[in-house]
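User: Hi, could you walk me through the model I just opened? I'd like to start with the RNA.

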Amino acid sequence: MSASFNPADDIEAALKAAAPAAGPNPSDFTPEVRTAGPAHGDFQANGVLAWARREKLQPRALAEKLVAALPPRIRDAYEVSIGGPGFINFTAQPPVLLEWLLAFPSRAALATGAAGTGRHGTSIVDYSAPNTAKQMHVGHLRSAVIGEALCRLMAFGGETVIRDNHLGDWGTGFGKLIFAYKRWVDPVALAAGPIEELERLYKLAVAATPDGSAELEEARRELVRLQAGDPENVALWRNFTEISLREFDRIYGKLGIRFDHTLGESFYNDKVAAVYRALTEAGIAVESEGALVVFHPEHPRFKTQPFIIRKSDGAANYASTDLATILHRVAHFHANRIYYVVDKRQADHFEQLFLTAKKWFAKAGLPLPVLAHVDFGSVLGENGKPLKTREGENVRLKDLLDEATERAYALVSGKNPDLPETERREIAAVVGVGSVQYADLAQNRSSDYLFAWDKMISLDGNTAAYLLYAVARIHSIFRRNNLDPSGPDAGPQAGAPETAGELALARKLVKFGDALRQATDALRPHFLCLYLYELTGEFSGFYTADKVLVDDPAVRARRLLLCARTLLVLETGLNLLGLRTLTRM
RNA sequence: GCACCCAUAGCUCAAUUGGAUAGAGCGCCUGACUACGGAUCAGGAGGUUGGGGGUUCAACUCCCUCUGGGUGUACCA
């Protein structure tokens, strides 16, 4: 009998199986097993209360019958008790903790365990999606960081994940940019800093094309030429995209992001006409004020607030392309689920998009994938307003990551000046970028979050540096003695945990699966962050109380095992969040 | 105007989606180091969860209402 990756699943199944022997209508009983706080054991089953109420029975009496019907396997593995009005508490006994530690000795073993309990099918994650011809700024941070973490979590849980970067690479702005490029491009500047030169040109273009001007008319003609396939303009536009992607890839490299596809809005340019036709023929879209729009009469707001899928000038907008994108993702990628990791201010758009897609697909007899807007709040400065530079400009992502790295470098150099320069640089990159990622992920994504350098790079509290430090310390233990944490040095000869520190650490380790499930099901990485932070806290307590490298071989073996598994879970967890880890810092 | 989101310790945030005595970090107070990396650990003080009603075995969580913030709301994405 091998250990369950998530022991809660094992307990859940056992309770379900025992239910017929305990009370009436057991098929209605859901055990509701959750992790419990230390005062109430490791796992608690709450479902008896609802069951007893439904059957008008005494909850505690029903709980007692249920416990009595549990198989010996569970009763041996856990100390089982009934608490409060009828909660069943399960405290993992040392042998079952040891069993788990031995059953999951590697990342591959953890992945196999996680995949056994996760969702399957194909999920497309639409994240990052910056506009081309501009640099990424702080407003692009959260989508990229959260999106990547979710991709890794879902893939670890066994889903087939497709990462799609839905670039903003099409639209009226490109007519203006071509207009300015043809007049004012500076080839030297373009070679030296291509994206900066495009930004400069775009600003010139905006200033030079006020409403009603002849220049604006000319810019529009450039756009028409581009859309008609004029070779010169198409070549310019392609070059803009290439320049932008090169720039984006530098950022993605730092954040550990690699897309499977980069199908921007332009990709759907020739696919929107079919959408207009389908929605019009289905009677879903109607003409209004010259535009093609969708109203939703059953909705309190969208019965009057239109979803504009074709502008009155005939051009597409992001409603058109987003609809075409859903069709393509279903027809071409066979997506079961599509996640949009996008700012919560676009909630209206996605609500309208999903309503429209639902009606359209129903009419067309197409399978509708699960569509979810994975929203997140804004990044605020310390004044509580959206984060800007002193000059009122958006903070460039490149500058932000560079500053994080510089701050981490100063810190590392202060703490550990003897390390070689190159290693300190490498550590600074991992700690600096990781701190930015972790600060973003550690908070519930739905709320706005306050960007504060000092808290972010701090070594105290729920921060990347605190977790990375624990990882480095564990590596140090093994390195000191020429031991391999991933090999048999921490393995089968170890006994079950005994001391309070060992037990607390082991009991936290076996809840890794539950933390992954929570984070993945809710699409909220902060659940995993919180778990890793608490695990690190347990480790630090254990490490202070219980010396690992003692002479007694039995004590030493079981403590090395705990260190090795803590290291494995921390490194695996941090990696699933998109962070890199270190062996020294 | 209408709609949605938010309000938890002095500050920044949690609370497994209705579960047990609402938890952390910072700051404040008290302890532990010639150290398996102190970038650490152990402990203390700090709360009528914005106010008021309601639903039930159980409410920070759900419903109503009030107050104070934020966001969105016809052709940008």
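**Around the RNA strand**

Analyst: Of the atoms of RNA strand B that lie within 4 Å of the protein, 58% belong to sugar or phosphate, and the rest belong to bases. Please keep in mind that this is a predicted model.

User: OK, and which residues come nearest to RNA strand B?

Analyst: There are 65 residues around RNA strand B, and those that come nearest are R53, N89, E265, K311 and Y543.

User: How many of the residues on that surface are nonpolar, polar and charged?

Analyst: The surface near RNA strand B divides into 22 nonpolar, 23 polar and 20 charged residues.

User: What does the side chain of D348 do there?

Analyst: An N or O atom in the side chain of D348 is 2.9 Å from a sugar or linking oxygen of RNA strand B.

User: Switching topic, where is A545, and is it buried or exposed?

Analyst: A545 is found in helix α22, and it counts as exposed because its relative accessible area is 58%, with the cut-off for exposed being over 50%.

User: And how far is A545 from T499?

Analyst: Their C-alpha atoms are separated by 9.3 Å, although A545 and T499 are 46 residues apart along the chain.

Methods
Residues are numbered from 1 along each chain as its sequence is written. Chains are lettered from A and ligands numbered from 1 in the order in which they are written. This is a predicted model: local features need pLDDT of at least 70, side-chain atom pairs count only at pLDDT 80 or more; totals for chains, interfaces and linings use all residues. Side-chain values use heavy atoms; hydrogens and water are left out. A residue is near a molecule or strand if one of its heavy atoms lies within 4 Å of it. A polar contact is a pair of N or O atoms within 3.5 Å; within protein, one must be able to donate a hydrogen and the other to accept it, and residues adjacent in sequence count only if both atoms are side-chain atoms. Ala, Val, Leu, Ile, Met, Phe, Trp, Tyr, Cys and Pro count as nonpolar, Asp, Glu, Lys and Arg as charged, and the others, Gly among them, as polar. Helices (H or I, at least four residues) and strands (E, at least two) are DSSP runs, numbered from the N terminus. Buried means under 20% relative accessible area, exposed over 50%, partly exposed in between (1.4 Å probe, protein chains only).
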